[in-house]
Amino acid sequence: MEKNQNIIIRIDDRFIHGQVTAAWTKKFGANAIWVVNDKIASNPALKQLQVMLAPPGIAVEVLKVEEAATKIKNVNNNLKILMLFENPVDVLAFIEKSGVNVEWVLLGQMGYRAGRVKVEKTFDIGPEDHKALLKLLDMGIKLYYQQLPDFPPKPLDMAEKIRSIKF
């Protein structure tokens, strides 16, 4: 199956914020942002906040993982979507449910919480996140960490680093 070039998946637990609106949409030429998160999609106030934070001219959808997996199957080819997820578990669920074939996932921000270990400067994972990342790697999906678009991805491929983590 051909890799989908119209979807950019980024894990960023801040969802729509300054870096996304100012930098990532421009870097990828995205004309749509999908916030994919069950909690936000179920809360009208949080959902509206995400829509309000988007830059002018960018279509925003706030969807549950299941909704996004269904909707992506019928998306217009003219749409270039920056998809924002809170964690790797939701990314894996989306990919498995949708059947979408992506070449890579961009790791951005997952803040520290008890039980998480630091992978990179702004990216900390727990055991369930680790399992999901390993499964994505086993599916042949590359993982890149990049805080800002004008910084080079670091390291270029996270496979070795993710595989070496023990919980």
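**The model as a whole.** I kept in mind from the outset that this is a predicted model. I looked up the secondary structure and found seven helices and eight strands in the protein. I then checked the radius of gyration, which is 15 Å and close to the 15 Å that the globule rule gives for 167 residues, so the protein is as compact as a globular protein of that length. For the extent of the C-alpha trace along its principal axes, I noted a span of about 40 × 35 × 30 Å.

I looked up burial next, and buried residues make up 49% of the 167 residues. Among contacts with a separation of 6 or more, I found that 71% come from residues 24 or more positions apart.

**Residue I95.** I located I95 in helix α5, which covers residues 88-98. Is I95 buried or exposed? Its relative accessible area is 3%, and because buried means under 20%, I95 counts as buried. Leaving aside residues up to four places away in sequence, I listed what I95 touches, and found I9, V100, V102, L136, M139 and I141. I also checked I95 against A68, which is 27 residues apart from I95 along the chain, and their C-alpha atoms are separated by 9.9 Å.

Conventions
Residues are numbered from 1 along each chain as its sequence is written. This is a predicted model: local features need pLDDT of at least 70, side-chain atom pairs count only at pLDDT 80 or more; totals for chains, interfaces and linings use all residues. Side-chain values use heavy atoms; hydrogens and water are left out. Helices (H or I, at least four residues) and strands (E, at least two) are DSSP runs, numbered from the N terminus. The radius of gyration is taken over C-alpha atoms; the globule rule is 2.2 Å times the number of residues to the power 0.38. Buried means under 20% relative accessible area, exposed over 50%, partly exposed in between (1.4 Å probe, protein chains only). Contact means heavy atoms within 4.5 Å.
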